[in-house]
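Please keep the sequence and the structure in view while reading.

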Amino acid sequence: MHFTEKILVLDFGSQYTQLIARRVREQKVYSEILPYNVTIDRIKEFAPKGIILSGGPSSVYDKKAPLPDKEIFELGIPVLGICYGMQLMAHMLGGKVAKSARREYGRAELMIDDDTDLLKKTGARGKSIRLDSEGQGSRGVVWMSHGDRIVKQPEGFAPIAHTDNSPIAAMADKDRKFYALQFHPEVAHTENGTKILKNFVFSICKCKPRWTMQSFIETTTREIKDKVGKDKVVCAISGGVDSAVTAVLINKAIGKQLTCIFVDNGVLRLGEATKVEGMLKKHFRMNIICVDASKRFLDKLKGVTDPEKKRKIIGNEFIHVFQEQAKKIRGAEYLAQGTLYPDVIESVSFKGPSAMIKSHHNVGGLLKDMKLKLVEPLRELFKDEVRVLGRELGMPDEIINRHPFPGPGLAIRIIDEVTRQRADILRKADAIVLEEIKKAGLYSEIWQAFAVLLPIRTVGVMGDERTYENVVAVRAVKSVDGMTADWAKLPYEVLGTISGRIINEVKGINRVVFDISSKPPSTIEWE
Ligand code: XMP
């Protein structure tokens, strides 16, 4: 994408690298992450107005310590090193790094020695700002990276802040516009951290705040038009935020040249197909093909109880159905996909290949078979930015703020064999869970809430009759990224209403239980 006001973040493997880029973007300045060992030509081509060197788990004295191309210090561009990035600057520019006598975890008071430049307005000179750990204990920010610290600053640098344990907690070479911080300004708990980043981005790099969603929409729709020309694009719609926003954005660019395909696989939520079709067709006047393939999917799932087999069957069948439909669209050359930035960041450095591409997308196989080319207009966005984009495009909150829903759908929430009858029962129970959570105003606080149909029958009594029917488990979790999760403490009244309604309204269920397990050790889904 073409923007002139850009900050480049070089990734040395810190868990906060993405956060740095996000904080910069929050200032309306575009920021991208590239691996530390990217070539100098690539950096020149990217043409950043400033470079931030992230933290990382290494020590500069490790044999395999990741080092960037030395030429980054000769480009005449401001550089800010954070944590490992700081030690790296000291090491590469002629200073000295040594093991610290004492590691500094958590809270520390930073004494500011020079408040004229990077630390401007973060606190008066001689005063302190608080550097806090995020959380407590071993998971807190170790802001003194691996116990290394600067004992001699490189020539041209002067200390601009210190702590009790660290005489050079921040340093600057104002002439060359090189800055370094021993702590993490990007974490929320660093007091005035955002102000420090703003000083770097605006006062030092002289960026202007041009990165807005409106500018993103203008640039991206133009790029899509140029790329696609007169060809046609197909897009698989799942009902999730990413694919819906992708479709709406592409539709804005090329209108009827886009055809969306929505596949009903028989394990969707209640009324899902109608809802999605309604929104895209009526509201955005899109070309959309809705395929009821539920029989095909449910036939293939007959007798299958293994969760991984269910996943494979649904993934493969989806590809077949999608392919059949897409082949009918003459002139289709492109496949649109809602890939997001965290999936494409080239963090080859430390995270390994597993962090690079998520395999949840079912459409990978299509590209080869059908010789389709990809359009991925959200490749540069974080999830929260996709939501802002969706809103800007006029999409309803109901789609924008949806809980994630797994590709294999209710199939992995029907423990044991999936049948149409079981899917129908679960759909009704699931709809009640969501309805009541929304009614109680809790939907947006919760990461995911759903019902699970258990293959257990228990005895109940309804009126004068004895019943012998299935159990439903209610699951509701809070999470930030789905990697870890805590069970949501739903109020008893809400749980009571959910249970009462499910038992009264859903034939086939006579007992409801609430799942009080966190992840880890349990997972969010039951299968
Ligand atoms: P777990 O159960 O692993 O779930 O704690 C973490 C997140 O991933 C979702 N999930 C899936 N999403 N295909 C998907 O598209 C899948 O096979 C799948 N399995 C789990 C789950 O809903 C939660 O958000």
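By class, the shell around the ligand has four nonpolar, five polar and three charged residues. In this classification Ala, Val, Leu, Ile, Met, Phe, Trp, Tyr, Cys and Pro count as nonpolar, Asp, Glu, Lys and Arg as charged, and the others, Gly among them, as polar. The model is a predicted one, in which local features need pLDDT of at least 70 and side-chain atom pairs count only at pLDDT 80 or more, whereas totals for chains, interfaces and linings use all residues. Residues are numbered from 1 along each chain as its sequence is written, and side-chain values use heavy atoms, with hydrogens and water left out.

Which of the twelve residues around the ligand come nearest? They are Arg-311, Gln-448, Lys-519, Ile-524 and Glu-525; a residue is counted as near when one of its heavy atoms lies within 4 Å of the molecule or strand in question. Three of these residues place an atom close to ligand oxygen by the criterion of a polar contact, a pair of N or O atoms within 3.5 Å. Within protein, such a contact further requires that one atom be able to donate a hydrogen and the other to accept it, and residues adjacent in sequence count only if both atoms are side-chain atoms. Gln-448 has a polar side-chain atom 2.8 Å from an oxygen atom of the ligand. Ile-524 instead uses a backbone N or O atom, which lies 2.7 Å from a ligand oxygen atom. For Glu-525, a polar side-chain atom is 2.5 Å from an oxygen atom of the ligand. On its own the ligand has 490 Å² of accessible area, and the protein covers 80% of that area. Accessible areas come from the Shrake-Rupley method with a 1.4 Å probe, and for residues only the protein chains shown count as cover.

Helices (H or I, at least four residues) and strands (E, at least two) are DSSP runs, numbered from the N terminus.

Attention now turns to the interior. In soluble globular proteins, nonpolar side chains tend to be buried together. The largest nonpolar core here has 50 residues; such a core is a set of buried Ala, Val, Leu, Ile, Met, Phe, Trp, Tyr and Cys residues joined through side-chain atoms within 4.5 Å. The largest share of this core, eight residues, is supplied by helix 14 (residues 420-439). Domain 2 (213-400) and domain 3 (419-514) each contribute at least three residues to the core, the domain bounds being taken from an automatic or database domain assignment. Among the residues with the most contacts inside the core are Val-234, Ile-261, Phe-322 and Leu-490. Phe-322 is found in helix 9 (residues 307-327) and is buried, with a relative accessible area of 0%. Buried means under 20% relative accessible area, exposed over 50%, and partly exposed in between (1.4 Å probe, protein chains only). The C-alpha atoms of Phe-322 and Phe-262 are 8.5 Å apart, although 60 residues separate the two along the chain.

Helix 14 also holds Ala-431, which counts as buried at 17% relative accessibility. Its C-alpha atom is 8.5 Å from that of Ala-451, 20 residues away along the chain.

Arg-269 occupies the loop between strand 13 (258-264) and helix 7 (272-283), and Arg-269 is buried, at a relative accessible area of 12%. Its side chain reaches the backbone oxygen of Ala-449 at 3.3 Å. Glu-469, in strand 18 (residues 465-478), is likewise buried, at 19%.

Two residues other than glycine have a positive phi. Phi of Ala-47 is near 55°, and Ala-47 sits in the loop between helix 2 (40-46) and strand 3 (50-53), where it is partly exposed at 41% relative accessibility. Phi of Lys-206 is near 60°; Lys-206 belongs to the loop between helix 4 (193-204) and helix 5 (213-228) and is exposed, with a relative accessible area of 53%.
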